[in-house]
Amino acid sequence: VILFLFVTSVDEVTVLLLALLSGLQMPLAAVQILWINIVTESTLTVNLVMDPADGDEMQRAPVPRGDPLVDATMLWRIAFLTPIAVAATFGWFVWRQAAGLPLDLVRTETFTVLAMCQWFNVLNCQSATRSALHFGIMRNPWLLGGLALSIALQTAVLYWPPLNAWFHTVPIALADLLPMAAVASAVLWAEELRKLVGRRRRIG
């Protein structure tokens, strides 16, 4: 949960700071940031806590009593994942704005890419070593339900007119959702590669 919240929060702040320093329009409206912080995160963080044990705890070295909550490994994962999430989110914003698309549409897409990064990253956060491709989310029905709820709420904020007005969003063409998901999934594939390298080093 700490990893998930750190990456999300630093991603948001960095994207806004980069836009400010670059002299660009703000990539997200204030109410969209509020939505991410309250709605998207809340549907995932509490549910992530409900994850069952990995099952190999007795094969690991004991955790020292004074071990910090945020240790070197955690800091490394934050430093590794955050730039990838920032590149996906801010890169999408810059690319789409350079294409001359309306600002409301570009902000809506950036807002959604940020949410998608969270959906992929929560899968990373279930384990520091086990691959998310083993569908570990199926072991946690609470997280599976939270992810489904988060996606449903994001869909509503994109396509339900009253929420469009409140959150300054516009409908996104369905054909654009797949490339957006592909860009956001970079945070998952990068962490999968890191885990794979880590597992092979331990075996070696």
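**Overall build.** The model is predicted. The chain has 8 helices and 0 strands. From the N terminus on, its elements run α-α-α-α-α-α-α-α. Along its principal axes, the C-alpha trace spans about 55 × 35 × 30 Å. A compact globule of 204 residues would have a radius of gyration near 17 Å, and the chain has 18 Å, which agrees.

**Helix α3.** This helix covers residues 72-98. How far apart should the ends of its 27 residues be? At 1.5 Å a residue they should span 39 Å, and the end C-alpha atoms are 39 Å apart, so the two values agree. Gly-100 follows α3 and has a positive phi, near 80°.

**Helices α2 and α5.** The axes of α2 (residues 30-49) and α5 (residues 141-159) come within 7 Å and cross at roughly 165°. Angles over 145 degrees count as roughly antiparallel, so α2 is roughly antiparallel to α5. Their crossing is right-handed. The table names the residues that make the contact.

| Helix | Contact residues |
|---|---|
| α2 | Trp-35, Val-39, Thr-40, Thr-43, Leu-44, Asn-47, Leu-48 |
| α5 | Trp-142, Leu-143, Gly-146, Leu-147, Leu-149, Ser-150, Leu-153, Gln-154, Val-157 |

By class, this contact of α2 with α5 has 10 nonpolar, 6 polar and no charged residues. An α-helix has 3.6 residues a turn, so residues three or four places apart point the same way. On α2, the contact includes Trp-35, Val-39 and Thr-43. On α5, Leu-143, Gly-146 and Ser-150 are among the contact residues.

Conventions: Residues numbered from 1 in each chain as written. Predicted model: local features only at pLDDT ≥ 70, side-chain atom pairs only at ≥ 80, totals over all residues. Heavy atoms only, no water. Axes fitted to C-alpha atoms, helices over the stretch in contact; angles between N-to-C directions. Helix = DSSP H or I, 4+ residues; strand = E, 2+ residues; numbered from the N terminus. Parallel < 35°, antiparallel > 145°, perpendicular 65-115°, else oblique. Left-handed = near helix turned anticlockwise from the far one by under 90°. Contact = heavy atoms within 4.5 Å. Nonpolar A, V, L, I, M, F, W, Y, C, P; charged D, E, K, R; others polar. Expected span 1.5 Å × (residues − 1). Rg over C-alpha atoms; globule rule 2.2 N^0.38 Å.
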